[in-house]
Amino acid sequence: MSQASTHTPSSERPRTLGQLKASGYRTRGVKEEIRANLLHRLRSGERAFPGIVGFEDTVLPELEAALLAGHDFVLLGERGQGKTRLMRTVGQLLDEWIPVVDGCEINDDPYDPLCVRCQALAVETGDDLPIGWLHRDDRYTEKLATPDTSVGDLIGDVDPVKVAEGRTLGDPETIHYGLVPRTHRGVFGLNELPDLAERIQVALFNVLEERDIQVRGYSIRLPLDVLVIATANPEDYTNRGRIITPLKDRFGGEIRTHYLTDISDEAELLRQETHLVADVGDHLLEAIARLSRGLRESPSVDQRSGVSARFSIAATEAVAASALRRAARTGEPEAVARIGDLPQILPTLLGKIEFEMGEEGREAAVLDHLLKLAVAETFRERLSGVDLSGFTKIFAEGSVVETGDLVAADELLRQFGTLSGLSRVLDRLGYGDDANRGEVAAAVEFVLEGLYLTRRIEKDVVDGRTVYGG
């Protein structure tokens with residue numbers, strides 16, 4: 001569910017129905033609000049869905065069409081494709097503030113209150129009806145569908161406390177409203193809709209079609225103003241349930257999401273979504289992005305379950321943590337991730353991937369192979385055409401270089417003299433001439449690993465340390 005907003009409305013806003021009328025305020029429906037605000041963003045060139053990466057030519061045009069049409073819809077896609085993020089972003093298209101009847105549980109419009117309590121209050125107070133203001137952050141409600149979710153959770157139920165206080169069962173004020181009516185005049189997001197029991201899905205029929213609710217046979221009509229968005233995984237993956245056909249028919253559309261296909265998009269997503277405790281270079285982000293793409297294309301991985309973006313995020317954060325650990329153990333002033341940190345942390349992420357049955361026991365080998373391919377491709381992409389003879393010359397003379405996850409930057413760099421072409425490498429990797437010692441070491445180690453993967457130097461692991469050359 002949405003969290004309480006910390007926003008405070010301006011004290012100059014109307015506080016009674018009379019003041020609201022005098023201000024000229026006109027109520028707009030939720031879908032009308034979203035349509036108008038989306039059109040404004042599209043016309044002004046402003047990003048309509050900030051934070052959404054890689055969907056510009058595929059998912060977003062379909063989403064924009066659905067919102068402009070005023071449709072409820074389902075976002076269908078495998079895990080880790082950004083469905084929840086996309087759903088939450090729609091809520092930011094609402095007007096920043098709307099007036100509500102002060103104290104109303106279902107955010108009643110002061111011009112047209114729905115609940116019995118607010119209708120009686122409007123008759124009693126007239127133009128003195130008290131007004132409150134609701135921020136858009138409080139108009140988005142999200143529920144994770146689980147098998148134990150009840151009709152009462154979503155729609156409402158009789159409140160036994162109110163009955164015990166003396167109200168009769170026929171009194172509409174004995175109703176405790178569920179999440180959907182409490183999202184009146186807002187956006188309701190339902191995560192993992194197929195996990196909702198079929199008999200509970202039936203309770204949503206009226207919400208999506210007639211826009212009203214029924215509670216335990218009460219003759220009550222609440223014409224709710226709500227945009228409903230649901231997410232679901234493809235049925236061939238979850239097998240935990242399904243969206244029943246009559247409910248599917250009531251949604252205006254089904255929008256398919258996908259994993260990002262462009263490496264730069266995935267690297268941008270990693271930079272946006274990760275919380276890093278150390279410096280992680282763009283070349284490392286690209287290597288992790290290519291590793292994820294390799295896993296999504298590998299016949300060794302169960303593609304019905306997919307490889308979530310959370311795998312890439314966790315890998316990036318773990319690489320940064322490995323760099324921070326090295327800095328703490330060696331006393332380095334800067335914590336900078338290196339390519340050698342990746343093999344150290346990947347075994348801890350195996351549980352985030354579903355492998356095919358025939359690959360049992362080979363999971364680590366599959367991951368190691370795909371990592372090598374990802375690093376080699378990144379090396380070729382980043383350093384193609386750069387003269388690396390200054391690096392290979394050292395090994396041609398029979399020297400070796402030792403590194404490892406606990407080898408400090410200074411210790412690594414002391415093994416080299418002046419490196420011809422280093423400034424060009426730093427520039428290609430985005431570090432520049434003002435790179436610190438940790439960044440220089442990260443660039444050097446990346447070159448060494450790339451030279452090994454392209455079979456220009458040898459590599460061995462001795463007592464936990466990686467030895468290049470020899």
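Buried means under 20% relative accessible area, exposed over 50%, and partly exposed in between (1.4 Å probe, protein chains only). The model here is predicted, so local features need pLDDT of at least 70 and side-chain atom pairs count only at pLDDT 80 or more, while totals for chains, interfaces and linings use all residues. Residues are numbered from 1 along each chain as its sequence is written, and side-chain values use heavy atoms, with hydrogens and water left out.

**Exercise 1. Now take Gly358: is Gly358 buried or exposed?**

Solution. 
- Step 1: Gly358 also sits in the loop between H16 and H17.
- Step 2: its relative accessibility is 71%, so Gly358 counts as exposed.
- Step 3: in space, the C-alpha atoms of Gly358 and Ser300 are 7.9 Å apart, although 58 residues separate them in sequence.

**Exercise 2. Explain why strand E2 is largely enclosed, and find its pairing partner.**

Solution. 
- Step 1: count the buried positions. Strand E2 (residues 97-101) has five of its five residues buried, so the rest of the structure largely encloses it.
- Step 2: inspect each face. Trp97, Pro99 and Val101 lie on one side, Ile98 and Val100 on the other, and all are buried.
- Step 3: find the partner. E2 pairs with strand E3 (residues 131-135) in the antiparallel sense over five bridges; two strands pair if DSSP finds at least two bridges between them.
- Step 4: pick out one bridge. Val100 has Gly132 in E3 as its bridge partner.

**Exercise 3. How many aromatic pairs does the whole structure hold, and what is the geometry of each?**

Solution. 
- Step 1: set the rule. Rings of Phe, Tyr and Trp (its six-membered ring) pair if their centres lie within 6.5 Å; planes under 30 degrees apart count as stacked, over 60 as edge-to-face and the rest as tilted.
- Step 2: search. Two aromatic pairs turn up in the whole structure.
- Step 3: Tyr25 and Trp133 make an edge-to-face pair, 6.3 Å centre to centre with 85 degrees between the planes. Tyr25 is in the loop between helix H1 (17-23) and helix H2 (30-44) and Trp133 is in strand E3, so the pair ties together parts that are 108 residues apart in sequence. Tyr25, at 22% relative accessibility, is partly exposed, whereas Trp133, at 14%, is buried.
- Step 4: the ring centres of Phe379 and Phe446 are 6.0 Å apart and their planes meet at 65 degrees, so this pair is edge-to-face. Phe379 lies in helix H17 and Phe446 in helix H21 (residues 437-453), so the pair ties together parts 67 residues apart in sequence. Both Phe379 and Phe446 are buried.

**Exercise 4. Which charged residues sit over the rings of Trp133 and Phe205?**

Solution. 
- Step 1: apply the test. A charge sits over a ring if NZ of Lys or CZ of Arg is within 6 Å of the ring centre and within 35 degrees of the ring normal.
- Step 2: over the face of Trp133 lies Arg13, 5.6 Å from the ring centre.
- Step 3: over the ring of Phe205 sits the charged end of Arg250, 4.3 Å from the centre.

**Exercise 5. Describe Lys31 and its contacts.**

Solution. 
- Step 1: Lys31 lies in helix H2.
- Step 2: with a relative accessible area of 18%, Lys31 is buried.
- Step 3: not counting residues up to four places away in sequence, Lys31 touches Gly70, Asp72, Arg211, Val226 and Leu227.

Terms used:
Helix = DSSP H or I, 4+ residues; strand = E, 2+ residues; numbered from the N terminus. Contact = heavy atoms within 4.5 Å.
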